[in-house]
Amino acid sequence: MEEIERWLMYSFWGSYLKEDYIQVGLDVAEILMKHWGQVEWLRGFAFSYDEGLKDVDSINIVRKEVLSDRDRYELYDVTFFNPTVTEEIYVNRLNVDDAMLTVAEYDDMKYFQTGDSTLNEQRVRKLLEVFTEVGSLPAIQELWMVNPERFAFMGHPTYLYRPRPLYERVEHTLYTPKTKDEVVRLVEEFKAHVPTEWVIDYLQDRLGADAVQEMADSKVRVRFYDRELTKSKVNTREFLRTFEEDVDQFCREKGVTLYKGEAS
């Protein structure tokens, strides 16, 4: 049967990351090892198919291997088998490069769509724990849960404001690192003119108080789904477009134009 890849979580960090992306990716790998167990396969993209380390149960070994040859691990992936699935191999894979980070799964979300709604909710809660811990890393400014539907967000509220001309380039990995100056400028403008309290009230009013949680480091966690992962509260893309329009209106009333288009 053909495998279908979906991203369980992802971040276009090439547009904002100030720290060493290879090291931050290792910090993410450490979190995933805590939740999912040993690394089944660590591989740099410069390797041939059969190369790399297998069956690694220590993050220190993973760090030593990756940092000992940064050229070979400029792009790398870390493969896990979900230890709770016994009837077949269920693969999750962390991909790290300078433009973005992804955690992918390969069965088209069947793991979260069994006939048992209670089991589905339990599995979603466990994924949300992983998502929250990854998103809480100080270096990560935005983290989205599940592509393409976008079922949840964790990060600084400004990254919910997504002007299409800018984010069409942010979300194209060829251009993602080149948008850093524009993204940073937009983040600064958003923080200067849109109070976090206004954003929290807006989100809670439309999604419910239980769907929005304030986190440390001025971050928020927003769930666009209702209990089971594939049961959406809203169409997230439409919701974000409306949010953009309402933020623009809020700023216009203050005499501010938040996004001025592409940098000259």
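**Salt bridges and helix packing**

Biologist: Which residue forms a salt bridge with aspartate 108?
Modeller: A salt bridge is a side-chain nitrogen of Lys or Arg within 4 Å of a carboxyl oxygen of Asp or Glu. Here the closest N and O atoms are 2.6 Å apart. The partner of aspartate 108 is arginine 6.

Biologist: How far apart in sequence are the parts that this pair ties together?
Modeller: Helices (H or I, at least four residues) and strands (E, at least two) are DSSP runs, numbered from the N terminus. Arginine 6 lies in strand 1 (residues 6-11), and aspartate 108 in the loop between strand 6 (101-105) and helix 3 (117-135). So the parts tied together are 102 residues apart.

Biologist: What pLDDT do local features need?
Modeller: Residues are numbered from 1 along each chain as its sequence is written, and side-chain values use heavy atoms, with hydrogens and water left out. This is a predicted model: totals for chains, interfaces and linings use all residues, side-chain atom pairs count only at pLDDT 80 or more, and local features need pLDDT of at least 70.

Biologist: Which strand holds the arginine that pairs with glutamate 149?
Modeller: Glutamate 149 forms a salt bridge with arginine 6, with 2.8 Å between the closest N and O atoms. Glutamate 149 sits in the loop between strand 7 (142-147) and strand 8 (152-155), 143 residues from its partner. Arginine 6 lies in strand 1.

Biologist: Is arginine 63 buried or exposed?
Modeller: Arginine 63 and glutamate 30 meet in a salt bridge (2.8 Å, N to O). Arginine 63 lies in helix 2 (residues 59-68) and glutamate 30 in helix 1 (residues 21-36), so the pair ties together parts 33 residues apart in sequence. Buried means under 20% relative accessible area, exposed over 50%, partly exposed in between (1.4 Å probe, protein chains only). At 16%, arginine 63 is buried.

Biologist: How are helix 1 and helix 2 oriented to each other?
Modeller: Axes are lines fitted to C-alpha atoms, for helices over the stretch in contact, and angles run from 0 to 180 degrees between N-to-C directions. These two pack at about 160°, axes 10 Å apart. Angles under 35 degrees count as roughly parallel, over 145 as roughly antiparallel, 65 to 115 as roughly perpendicular and the rest as oblique. Helix 1 and helix 2 are therefore roughly antiparallel.

Biologist: Which side chain of opposite charge is nearest to glutamate 244?
Modeller: Glutamate 244 lies in helix 7 (residues 236-252). Lys and Arg count as positive and Asp and Glu as negative; His and the chain ends are not counted. Glutamate 244 is buried and has no salt bridge. At 6.6 Å, the nearest side chain of opposite charge is arginine 164.

Biologist: What is the relative accessible area of tyrosine 76?
Modeller: Tyrosine 76 is found in strand 4 (residues 76-81). Beyond four places in sequence, its contacts (heavy atoms within 4.5 Å) include Ile22, Leu26, Phe45, Val66 and Val96. Tyrosine 76 is buried, with a relative accessible area of 0%.

Biologist: How many salt bridges does a search of the whole structure find?
Modeller: Glu142, Arg150, Arg162 and Glu171 are linked in a network of salt bridges. For the whole structure, the number of salt bridges found is 15.
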